[in-house]
Amino acid sequence: MEYFVGIDGGGSKTQYLLIDAAGTILARRRGEGSSYKQTNAFFVGELLQREVAALIRNIDPAGVAGVFFAMPCYGESVQEELDKATETITRYLEPFSVAYRNDVEASWAGAFALSRQGVTILSGTGSMAIARNPAGETVRCGGWSEIFSDDGSCYWLGIETLRLFARQADGRRPPGGALYRIVRERFSLRDDFEIIDIFHNTFLGRREMVAGLQMILHDAAREGDATALALYEWAARELADMACGLRSHFPDGVTLPVSYAGGLFRSGDLILRPLRAELDRLGGFELVEPLLPPVEGAALLAVEAFAPDLVPAVRAGLLSPHKSTKEETESASPTTKSWRRRRHWKRPPPTWRNAARIYGSSFPVRTTGWFSSAAARVIAWRKAPPG
């Protein structure tokens, strides 16, 4: 029996999936982020070595045909730097064969299950559109940098949320809406200008935390704030524009399916309704739901890379309505284990309660891994310095 490992990497979390040649999901794991840009290739290699070993512990490792790593930032740096990073990670994963692509390709592969052409719009911390053209070449649009690109992403919306608050606070926009009130409540502002100090000391240079500010916009939009709803409509136009950027790679007159992935789309109709309306206005596009999640797309890409003849059988297995996972677990990071050694480990650390007070019930930063403890402490230091 042949087995395949798919790894859907990310800056804040990484998901792992083990499947067999029939598309049966045998095990899955979820752990901390795997961006070598945020840490280094040695850290990522050690992380993947540990997680993959845990993932395949109940099978014969000799049966693993290959590992596919949907790698954050792949193809977005100088080639020599990328080559060194992949060589380092590959050494940690020996003796397995490893294939690499950018992490957004797993989103595309999952959205269409490698069964049709189309565009996948990814909007999470960053944003990008990706597709395979009729020649089988991967093409992309957007995703250059959060400083001058990533339009329509959670990071972009986080910045625009604070920009809108600032304009409401100083009179350029009428104040008094839900967004203005929620920002003041979440940050316990006594004076609106305190947001400057909070942003520079807490959020500046921390992409995931800035992206998390999108949840403030989400809560305001759910209360019917017209300015918050308008920002989601603006984001939808930016995302649709990236799909238009890829249109030239496909024949004229063909209706192009557009799917989606990423944390922003957990906002549901707040983003999907205006995105569908914008694509309909542009014409030549059809918004469709993703068939599979990105981690299953990564597993499909592993099959395509190492046993392409098995792709139809694996696809059918993954798309089966009766598929089940025999094992599912979330890895416990050293940080999590240290909390459990505390006397009151069953309660979240005090810093998490303060962080949740800022972000509300939908606090976006994950609760495991090295980033979690650091992020919570940085976010909450003004309220309750740790220690």
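Guide: A disulfide is a pair of cysteine sulfur atoms within 2.5 Å. By this rule, the count in this predicted model comes to zero disulfides.

Visitor: What share of the residues of the chain count as buried?

Guide: Of the 387 residues, 54% count as buried. The chain has 15 helices and 11 strands, and its accessible surface comes to about 17700 Å², with 51% of that belonging to carbon and sulfur atoms. Among contacts with a separation of 6 or more, 69% are between residues 24 or more positions apart.

Visitor: Why is Leu47 called buried?

Guide: The relative accessible area of Leu47 is 1%; the limit for buried is under 20%, so the term applies to Leu47. This residue is found in helix H1 (residues 41-55). Leaving aside neighbours within four places in sequence, Leu47 is in contact with Tyr16, Glu32, Gly33 and Ser34. Leu47 and Ile89 are 42 residues apart in sequence, with their C-alpha atoms 9.4 Å apart in space.

Visitor: Why is Trp144 called exposed?

Guide: Exposed requires over 50% relative accessible area, and Trp144 has 68%, so it is exposed. Trp144 lies in the loop between strand E8 (138-141) and helix H4 (154-169).

Visitor: Which residues make the nonpolar surface patch of about 480 Å²?

Guide: Trp144, Ile147 and Phe148 make this patch. A residue qualifies for a patch with over 30% relative accessible area, and the 68% of Trp144 is therefore over that limit.

Visitor: Is Asp150 buried or exposed?

Guide: Asp150 also lies in the loop between E8 and H4, and at 5% relative accessibility it counts as buried, because the limit is under 20%.

Visitor: What makes the phi of Asp150 worth noting?

Guide: Most residues other than glycine have a negative phi, and most peptide bonds are trans. Asp150 is not a glycine, yet its phi is positive, about 60°. Cys73, likewise not a glycine, has a positive phi of about 70° and is placed in the loop between strand E4 (64-71) and H2.

Visitor: Which residues are joined by a cis peptide bond?

Guide: Glu94 and Pro95 are joined in this way, with omega about 10°. Pro95 is in the loop between helix H2 (79-92) and strand E5 (98-102).

Visitor: How do you know that the span of helix H10 agrees with its number of residues?

Guide: The 14 residues of H10 (residues 269-282) should span 20 Å at 1.5 Å a residue, and the end C-alpha atoms are 19 Å apart, so the two agree. Gly283, which follows H10, has a positive phi near 80°.

Visitor: What do the buried residues of H10 pack against?

Guide: The buried residues, including Leu270, Ile271 and Pro274, pack against strand E6 (119-123), helix H8 (214-222), helix H9 (226-245), strand E9 (256-261) and strand E10 (285-287).

Terms used. Residues numbered from 1 in each chain as written. Predicted model: local features only at pLDDT ≥ 70, side-chain atom pairs only at ≥ 80, totals over all residues. Heavy atoms only, no water. Patch = residues over 30% accessible without salt bridge, like charges linked within 9 Å, V, L, I, M, F, W, Y side chains within 5 Å. Areas by Shrake-Rupley, 256 points an atom, 1.4 Å probe, with all protein chains shown as cover. Salt bridge = Lys/Arg side-chain N within 4 Å of Asp/Glu carboxyl O. Helix = DSSP H or I, 4+ residues; strand = E, 2+ residues; numbered from the N terminus. Buried < 20%, exposed > 50% of the residue type's maximum accessible area, 1.4 Å probe, protein only. Expected span 1.5 Å × (residues − 1). Contact = heavy atoms within 4.5 Å.
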